[in-house]
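Open the model in your viewer and keep the selection panel at hand. Each stop below names something to select, then says what is there.

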Amino acid sequence: MTTMIWMKGITKTYRLGEITVPVLKGIDLNIEEGEYVAIMGVSGSGKTTLMNILGCLDRVTSGHYVFEGNNLIAYDDNQLAYIRNQRIGFVFQQFNLLPRATALENVMLPMVYANVPKSIRRERAKKALIQVGLSEWLHNRPNQLSGGQQQRVAIARALVNHPALVLADEPTGALDTKTSQDVINLLTELNEQGITIVLVTHESAIASQTKRVIHIQDGVVF
Ligand SMILES: Nc1ncnc2c1ncn2[C@@H]1O[C@H](COP(=O)(O)OP(=O)(O)O)[C@@H](O)[C@H]1O
Ligand SMILES: [Mg+2]
């Protein structure tokens, strides 16, 4: 097995004026390539803060973070953006799609930032949307799609730059039970194809479908 993520003693403290708010209090974490992991904890336990650090969207206050052999603590913002863009796909609770753009346009967007040649963006986006079962919905805008379909567009968008890691922060939080299960089935399929998946949830029925559950409470994992 090859280690993808190695974290040691990660802390994150927010500063609100005079007040400091310690949120992550010394997190140690190892995730191997190809794993399917749930991070579970109640609201406010630090899940999103941890995901933002995992996904190079935010920086640690202290500690070590090595991703695919890269010492990210030493990376500048541009280097972090490159890792984020090339290696990591994101799925959020509220989908975060552009409302005026079609499914196809939403999925093409990350390729613009990744400098994928214009000529192949459309075909690649189409392929990703077919992969998530949306071949009939390429030209619909988000408000013309159900919640489950919107989350599928978001998953296609996460996949389009062929990431090694998909980070999903409460991806079923805005969906009904049946649609949630469809989304989890899709993530399970992607993991079977070799993509490492880290999923945040507060529902044990979701977490139990992954291969490993990491519990977080008050900024500490156990
Ligand atoms: N930017 C911020 N500034 C100050 N406090 C924050 C910030 N982001 C999160 N927090 C606090 O950190 C704690 C954990 O938040 P979060 O990581 O979003 O938890 P979860 O995703 O598990 O609900 C909460 O108490 C929250 O209020
Ligand atoms: Mg959260």
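Two strands pair if DSSP finds at least two bridges between them. Helices (H or I, at least four residues) and strands (E, at least two) are DSSP runs, numbered from the N terminus. This is a predicted model, in which local features need pLDDT of at least 70 and side-chain atom pairs count only at pLDDT 80 or more, while totals for chains, interfaces and linings use all residues. Residues are numbered from 1 along each chain as its sequence is written, and chains are lettered from A and ligands numbered from 1 in the order in which they are written.

**Stop 1: the sheet**

Select residues 36–40 and 212–217. These are strands S3 and S9, which run parallel and are joined by 4 bridges. Pick Met40 next: its bridge partner in S9 is His215.

Now widen the selection to the whole sheet. It is open and has 6 strands, in the order S6-S7-S8-S3-S9-S10, with mixed pairing. At the edges sit S6 (88–92) and S10 (220–221), each pairing on one side only.

**Stop 2**

Gly89 stands opposite Val166 in S7. S6 is mostly covered, with 4 of its 5 residues buried. A residue is buried if 20 or more other C-beta atoms, placed from the backbone, lie within 10 Å of its own.

**Stop 3: helix H1**

Select residues 47–54. Helix H1 packs on the sheet and touches S3, S7 (165–169), S8 (196–201) and S9. Its direction makes about 160° with that of S7. Contact here means C-beta atoms, placed from the backbone, within 7 Å.

How many of the 8 residues of H1 are buried? The count is 6, and the helix is mostly covered. Colour them: Lys47, Thr49, Leu50, Met51, Ile53 and Leu54.

**Stop 4: ligand 1**

Select ligand 1 and show what surrounds it. The shell includes Tyr14, Leu16, Val21 and Val23, as well as Gly41, Ser43, Gly44, Ser45 and Gly46. Lys47, Thr48 and Thr49 belong to it too. A residue is included if its C-beta atom, placed from the backbone, lies within 6 Å of the ligand.

Which element gives the largest share of this shell? H1 does, with 3 residues. Strands S1 (3–16) and S2 (19–32), like H1, each supply at least two. By class, the shell has 4 nonpolar, 7 polar and 1 charged residues.

**Stop 5: the core**

Select Val107 and Ala156. They have the most contacts inside the largest nonpolar core, which has 62 residues. Such a core is a set of buried Ala, Val, Leu, Ile, Met, Phe, Trp, Tyr and Cys residues joined through C-beta atoms within 7 Å. H5 gives the most to this core, 6 residues.

Centre on Val107. Leaving out residues up to four places away in sequence, it touches Ala125, Ala128, Leu129, Val153, Ala156, Arg157 and Val160.

**Stop 6: two positive phi angles**

Go to Cys56, in the loop between H1 and S4 (62–67). Its phi is near 60°, a positive value in a residue other than glycine. Why does Cys56 count as buried? Because it has 23 C-beta neighbours inside 10 Å.

Finish at Phe95, in the loop between S6 and helix H3 (103–113). Phe95 is not a glycine either, yet its phi is positive, about 65°. It has 21 C-beta neighbours inside 10 Å, so Phe95 counts as buried.

Definitions and conventions
Contact = placed C-beta atoms within 7 Å. Axes fitted to C-alpha atoms, helices over the stretch in contact; angles between N-to-C directions. Nonpolar A, V, L, I, M, F, W, Y, C, P; charged D, E, K, R; others polar. Buried ≥ 20, exposed ≤ 12 C-beta atoms within 10 Å, placed from the backbone.
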